Amino acid sequence: MSFFRSVLLASFISLLAALALLFLGSAMGYEEFRGGYAVLTIDASINDRDLRSLLEPGEYYFGGTPVSESSQWVMLDEFDSLRRIPLDQYSSRIFPFDPRNDGYADKVREVFVNDNDRFIYIPLMPGNWNSKLLDKKFNELLGDIPYTVDYYGIGRPLALFFIVYAAASVCLLILCYLNRKVHRSIVNIIPMIPVLSSLGFFGAAGIGSAAVLFALFIMLKEPLNELVNPPPLREKKLNFKVIYKEIILPFRFYWFFLPIFAAALAILVVFSQLKLLFLLAVSGASFAVFFFSLKIVSTSGIDHRRFNPLMIMRRKFPEFVFPMYILPFVAGAFFTMFFTPYMSGSFDYNKKFDTIISEQSYYEHLTYQASFSTRQMGTSSAAFPDFYFDTDGLPSMDRMRLGQSVRMSDFPAFPLRHLMEFFNNVNNGVKTDTGTGSTGLSGKLSLLVLLLFLFPGFIANKLNEKAPKINFDGIKRFTGKLRLIGLNWNKALLYNKKNYYAPKRMPK
């Protein structure tokens with residue numbers, strides 16, 4: 001296989017791995033749209049249960065069961081037990097003057113029916129952000145029923161993240177082409193571009209982690225190349241002893257830098273939205289692609305192994321050439337951090353959600369219903385005191401504890417918690433976090449760790465330029481007078497230190 005075809009094959013394998021990782025990231029909820037609600041507004045005269053039956057076939061498409069009046073319930077003390085009463089049936093079960101009517105049901109009903117309008121809240125799954133497709137689906141399900149819909153959701157400029165990554169990748173390709181004669185084996189980095197693209201889900205932190213992984217692969221290409229493509233003299237004798245002697249020990253300073261790379265990735269994970277499990281999956285796939293790239297590119301040829309120069313003298317310290325190649329990704333990470341537009345908690349910026357029910361109101365409702373049978377009539381707060389049998393066998397009043405205690409763990413959690421928290425953030429204009437990591441100042445400062453891979457590398461390269469060095473990555477050809485001098489010096493060493501080009505002395 002030709003060299004060009006081998007690079008294409010390695011890139012194709014990397015592309016397949018990238019597609020799998022993109023699908024995995026989308027399935028894990030790293031899409032542009034991180035969920036939200038579509039709020040349908042329909043005339044209140046239309047029965048809620050009929051509307052829910054019409055919307056039921058679209059639950060899988062939207063991503064959740066519609067939240068409406070008929071899907072909610074309230075608790076009611078029936079003296080022998082507490083019973084759930086569907087919200088749309090509550091008014092037919094309880095009269096307004098019934099002392100058990102604590103007003104909580106009316107508050108909840110205002111969330112779904114208000115001013116002759118009925119509201120149905122449909123959860124939207126991650127990735128379901130295209131309003132035109134959603135409108136089309138609602139038209140199919142509701143038919144001729146008139147409605148309006150507003151979309152509330154948490155979003156990220158995912159397209160911008162991948163555009164920045166693509167621009168940085170193009171710059172990397174240009175740098176590889178311009179330095180192809182200086183750093184020949186840098187071509188093995190090209191197939192890594194597709195497989196690391198899925199880190200674009202995480203914006204600046206993802207692009208920064210891609211820069212760290214690129215730097216890691218560029219630094220380790222020499223020892224890993226000897227591991228994947230051992231010299232012919234020891235190709236059949238490869239074992240742990242040989243690996244330790246020929247790869248681990250000679251390249252020991254390379255391995256000493258690995259904790260720095262691991263620490264940089266750990267900082268990005270802790271202080272940003274970068275997910276550890278997804279980063280491990282991308283790292284594992286990228287290592288597999290890199291090993292495959294080293295194997296197939298270095299062995300590409302027609303009838304023989306591709307020429308791969310062996311180092312007569314191994315470097316004691318790594319050659320820090322990666323700062324130049326990762327610079328586009330570092331710049332892209334900082335560009336994303338500074339220029340990503342701040343997005344509100346809602347795509348609908350002009351509307352406010354008026355009816356908010358606190359979780360405390362729900363627990364007060366539970367307490368009232370659970371202790372209704374022991375309460376004094378005519379008041380909503382006072383309760384009959386508890387009595388206990390004293391040491392003399394007579395009942396005594398417990399003045400320290402009035403009324404029976406209600407354990408909230410015995411009851412269901414607040415059913416509208418997610419909906420209320422979501423729209424409360426919308427009303428407050430909160431920049432809702434799209435992940436579990438910190439997105440504040442600490443998340444931005446974590447990107448400063450990328451500078452650790454730029455400035456020391458450039459300083460080391462400046463020092464290497466002043467010191468004599470041997471070029472193993474590219475073979476320099478010496479011509480002219482300099483080559484003759486080298487040949488004369490070798491002959492002087494070969495023939496008993498006699499220089500035959502020097503003038504001979506005449507015997508006295």
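This is a predicted model: local features need pLDDT of at least 70, side-chain atom pairs count only at pLDDT 80 or more; totals for chains, interfaces and linings use all residues.

Residues are numbered from 1 along each chain as its sequence is written, and side-chain values use heavy atoms, with hydrogens and water left out.

**Cores.** A nonpolar core is a set of buried Ala, Val, Leu, Ile, Met, Phe, Trp, Tyr and Cys residues joined through side-chain atoms within 4.5 Å, where buried means under 20% relative accessible area, exposed over 50% and partly exposed in between (1.4 Å probe, protein chains only). The largest such core holds 64 residues, of which Leu196, Phe214 and Ile326 touch the most other members. Several helices each supply at least two residues of this core, including H7 (158–178), H13 (276–298) and H14 (322–339); helices are DSSP runs (H or I) of at least four residues and strands (E) of at least two, numbered from the N terminus. Helix H9 gives the most, with 15 residues. Leaving aside residues up to four places away in sequence, Ile326 touches Ala211, Phe214, Ala215, Phe453 and Leu454, contact being heavy atoms within 4.5 Å. Another core, of 33 residues, lies apart from the largest one and has Val74, Leu87, Phe119 and Tyr152 among its members.

Strand E2 (residues 73–77) is mostly covered, with 5 of its 5 residues buried. Trp73, Met75 and Asp77 point one way from E2, whereas Val74 and Leu76 point the other way. E2 pairs in the antiparallel sense with strand E3 (residues 82–86) over 5 bridges, pairing requiring at least two DSSP bridges, and Met75 stands opposite Arg84. Of the 4 residues between these strands, Phe79 takes a positive phi near 70 degrees.

**Surface patch.** Phe12, Ile13, Leu15, Leu16, Leu19 and Phe292 form a nonpolar surface patch with about 510 Å² of accessible area together, and helix H1 (residues 3–27) contributes 5 of these residues. Ile13 counts as partly exposed because its relative accessibility is 31%.

**Loop.** Most residues other than glycine have a negative phi. Asp115 and Asn116, in the loop between E4 (113–114) and E5 (117–124), have the values tabulated below.

| Residue | Phi | Relative accessibility |
|---|---|---|
| Asp115 | near 55 degrees | 65%, exposed |
| Asn116 | about 60 degrees | 62%, exposed |

Key
Patches are made of residues with over 30% relative accessible area and no salt bridge: like charges are joined within 9 Å, nonpolar side chains (Val, Leu, Ile, Met, Phe, Trp, Tyr) within 5 Å. Accessible areas come from the Shrake-Rupley method with a 1.4 Å probe; for residues, only the protein chains shown count as cover. A salt bridge is a side-chain nitrogen of Lys or Arg within 4 Å of a carboxyl oxygen of Asp or Glu.
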